[in-house]
Amino acid sequence: MSNVEVSSSLFHGMLVQNTLTLTSATVNASAGLGGIYLTSGASATLTNVRLLRNKTDGLRLDGNAKAFVYNSSYAGNAGYGVFANNAGAGSYLNMSTANFANNAGVIKLAPAIGAFNLSGPVSIVNSGIAGVDVQADANLGGIARTWTNPGIPYVMRSGSINLRHNLSF
């Protein structure tokens, strides 16, 4: 789908249970669990998407959802710009070029996520937690998770994290 605008939805702006490809869209002032909400097992490719003034999070992923997000904006959301909730080992969040302004937080991973990548320019203005907020459960079932350095800080609230990045001297 392309050139879509969803505004003032009483529940989720868009509920994705299978596959979604969305280009040049705005999801504005939605209630529920997010402007765009991906249930476990869903997959979405979002390009030039604006998630604005949603009552909770801009983009929410649950369970083993996968999101590929390019050139996105998150502004004025009452929750986080992006929230990966109860993410499993099969979950994936790949983001390139993102703008965050006036959200409660930027990105939240709780308890963790299978794979996470954030690249390209990232701007953060007036957001409560200006980084990747990781709330890792103490019992992750022995699953090793490795994420690359996104260029913005990780904020650890519990658990542990393994950062992997290329170094050159």
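R53 is partly exposed, with a relative accessibility of 48%; buried means under 20% relative accessible area, exposed over 50% and partly exposed in between, for a 1.4 Å probe and protein chains only. The model is predicted, local features need pLDDT of at least 70, side-chain atom pairs count only at pLDDT 80 or more, and totals for chains, interfaces and linings use all residues. Residues are numbered from 1 along each chain as its sequence is written, and side-chain values use heavy atoms, with hydrogens and water left out.

**The parallel sheet**

- Six strands are named in the order β1-β3-β5-β7-β9-β11, and these 6 strands form an open sheet with parallel pairing.
- At the edges are β1 (2–7) and β11, each of which pairs on one side only.
- From one strand to the next, the twist averages 15°, where axes are lines fitted to C-alpha atoms (for helices over the stretch in contact) and angles run from 0 to 180 degrees between N-to-C directions.
- Strands here are DSSP runs of E with at least two residues, helices are runs of H or I with at least four, and both are numbered from the N terminus; two strands pair if DSSP finds at least two bridges between them.
- Strands of a sheet pair through backbone hydrogen bonds, either parallel or antiparallel.
- β5 and β7 run parallel and are joined by 8 bridges, with S43 standing opposite K66 in β7.
- β7 (residues 66–75) also pairs with β9 (residues 92–101) in the parallel sense, over 9 bridges; Y70 has S96 in β9 as its bridge partner.
- On to β11 (residues 115–125), β9 again pairs in the parallel sense over 9 bridges, and A98 stands opposite V122 in β11.

**The nonpolar core**

- The largest nonpolar core holds 38 residues, a core being a set of buried Ala, Val, Leu, Ile, Met, Phe, Trp, Tyr and Cys residues joined through side-chain atoms within 4.5 Å.
- The residues with the most contacts inside this core are I36, L59, L93, M95 and I107.
- L59 touches I36, L38, L46, L51, A67, V69, Y74, G81, V82 and F83, leaving out residues up to four places away in sequence; contact means heavy atoms within 4.5 Å.

**Around G81 and N103**

- G81 belongs to strand β8 (residues 80–85) and is buried, at a relative accessible area of 0%.
- Beyond four places in sequence, G81 touches G58, L59, Y74, F100, N103, G105 and V106.
- G81 and R53 are 28 residues apart along the chain, and their C-alpha atoms are separated by 9.9 Å.
- N103 sits in the loop between β9 and β10 (105–110) and counts as buried at 4% relative accessibility.
- Not counting residues up to four places away, the residues that N103 touches include Y74, G76, G81, N126 and G128.

**Buried polar and charged side chains**

- D133 lies in strand β12 (residues 129–135) and is buried, with 0% relative accessibility.
- The side chains of D133 and Y80 are joined by a polar contact of 2.4 Å, meaning a pair of N or O atoms within 3.5 Å; within protein, one must be able to donate a hydrogen and the other to accept it, and residues adjacent in sequence count only if both atoms are side-chain atoms.
- Outside four places in sequence, D133 is in contact with Y80, I107, K108, L109, V155 and R157.
- The model has 1 salt bridge, by the rule that a side-chain nitrogen of Lys or Arg lies within 4 Å of a carboxyl oxygen of Asp or Glu.
- R60 and D62 form a salt bridge through their side chains, at 3.3 Å from N to O.
- Both partners are buried: R60 has a relative accessible area of 11%, and D62 has a relative accessibility of 13%.

**Positive phi angles**

- Most residues other than glycine have a negative phi, and most peptide bonds are trans.
- S24 is not a glycine, yet has a positive phi of about 55°.
- S24 is in strand β3 (residues 19–28) and is partly exposed, at 32% relative accessibility.
- R53 is not a glycine either, and has a positive phi of about 50°.
- R53 is located in the loop between β5 (43–52) and β6 (59–62).
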